[in-house]
Amino acid sequence: MKRGFTLIELLAVILILGIIAVIAIPTVSKLLENSREGAAKDSAYNYIRALESTIMTKQTSNNLDYSGIYTVENNKIIGNGIELNVNSKGNKPEEFINYFKLDNGEIIDAKFKLNNYYISYNNKDICLSKEKYCDTEGIISWDFDYKGKEEEFTIPETGTYKIETWGAQGGYEYNEFYGGYGGYSRGEIELTENQKLHINVGGMGKNVRMLEKTTVDGGYNGGGIAKSNLNFVTESYYSSGGGATHIATSTGLLSQLESVKNNILIVAAGGGGGGVFHSDPKQGGYGGSAGGFIGSDGTQNHDHIVGTGGTQLESGSKNTERSGNFGRGGRSNLTQGGSGGGGGFFGGGGTFDAAGGGGGSSYIGNTSLTNKSMYCYNCQESNVTDTKTVSTDCVNKKPVMNCAKQENGFARITLLTRN
């Protein structure tokens, strides 16, 4: 006679099957999700390649450089005077929410929705999410590196933008007497389609050996001049000031805009140049870093005269031959020589002999700016809205938000929301 399962045996089987299901279902679900993510990434890469191929085919046939900003509407590439159908065999985006940037034949930034995933593409890397784009800071950003000349930027559409500037570092030869660091300024502003902005990115200061008995220009956009006027056969150096970085609605270097200050949107100042006399121990000082509302003074460890920082109302080392000016750092002493001050809204002062030049002042006082602030290295702080300044010990060669800047300056414009 056959015996059936007992109740206890049946319960045991059900329990085992339940345990297996608890273990297996999430694993299978994860495998399926990974497969869907992999397929979405492949489709995204294929579509990016199709966009690049479409534009490069046009570029090759016309022998023109089509680097620039584009958007996609109804599977058509639009921008820079061209409108091209995208030759894509795979899945196409359900929406293309922003512009994409093409540089030297490669797309470097794009965002779109594909296979129900939010795709964020940046420099060949893809980040995807079911909920939102990985980069939620803004729709797209435009970067401006140091070029030693002004750049013009046309606002592509009306909206709220964040503008950021980093000033340039003052020149130096020895690390213990470094050039003052450039400042960082940021703010938000409403801008309209086809509005023109003018961007001048500051250049790092330069060095001159005392033995050379010559002058060296300051960094681009207002760095103060350094001069050597001594005949010492030593490895001793003076350095010029770093230039400011500014964005304005008027064209011209910062020093040329004093009569149209209302057209200056934002300024990040440059640092003062460092100076050193190669004795034992070394005599000299490091440059004053760019400030927010007031630039830092240079330093010295001997009987030399430093440059003082610029303010919102006047230049550093005022009423001396080493005084800065609006938009320009002060030069060194003409007879003895010395280092230059940093450029800025008002420039820092130059030095007498081997001491550090003063840092320039930054600027966020334009009434169109909101959510604005300035950051600077170990500097004086302010809580007033139009001069809000935060001291930081963050310093980086790259343009990092809320950090002081080493080497050349930088600027960035980010579209936050469309109006």
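Why is strand β11 (residues 184-191) largely enclosed by the rest of the structure? Six of its eight residues are buried, so the rest of the structure largely encloses β11; buried here means under 20% relative accessible area. The model is predicted.

**Strand β11 and its partners**
- Strand β10 (residues 159-166) runs antiparallel to β11, and eight bridges join the two.
- Within this pairing, Glu164 has Arg186 of β11 as its bridge partner.
- β11 is also joined to strand β22 (residues 370-377), by four bridges and again in antiparallel fashion.
- Arg186 has a bridge partner in β22 as well, namely Ser373.

**The open sheet of three strands**
- Strands β14, β15 and β21 form an open sheet in the order β14-β15-β21, with antiparallel pairing.
- The edges are β14 (215-216) and β21 (337-338), each of which pairs on one side only.
- β14 and strand β15 (residues 226-228) run antiparallel and are joined by two bridges.
- Val216 has Ala226 in β15 as its bridge partner.

**The second largest pocket**
- The second largest pocket holds about 160 Å³ of space.
- Its lining consists of 14 residues, and those closest to the pocket centre are Gly223, Gly224, Ile225, Arg328 and Gly329.
- By class, the lining has two nonpolar, 10 polar and two charged residues, with Gly counted as polar.

Note on methods:
Residues are numbered from 1 along each chain as its sequence is written. This is a predicted model: local features need pLDDT of at least 70, side-chain atom pairs count only at pLDDT 80 or more; totals for chains, interfaces and linings use all residues. Side-chain values use heavy atoms; hydrogens and water are left out. Two strands pair if DSSP finds at least two bridges between them. Buried means under 20% relative accessible area, exposed over 50%, partly exposed in between (1.4 Å probe, protein chains only). On a 1 Å grid over the protein atoms alone, a cavity is a set of points where a 1.4 Å probe fits but cannot get out, and a pocket is an open set with protein on both sides within 12 Å along at least five of seven lines; lining residues have an atom within 4 Å of a point. Grid points are joined across faces, edges and corners, and a volume is the space filled by probe spheres set on the points.
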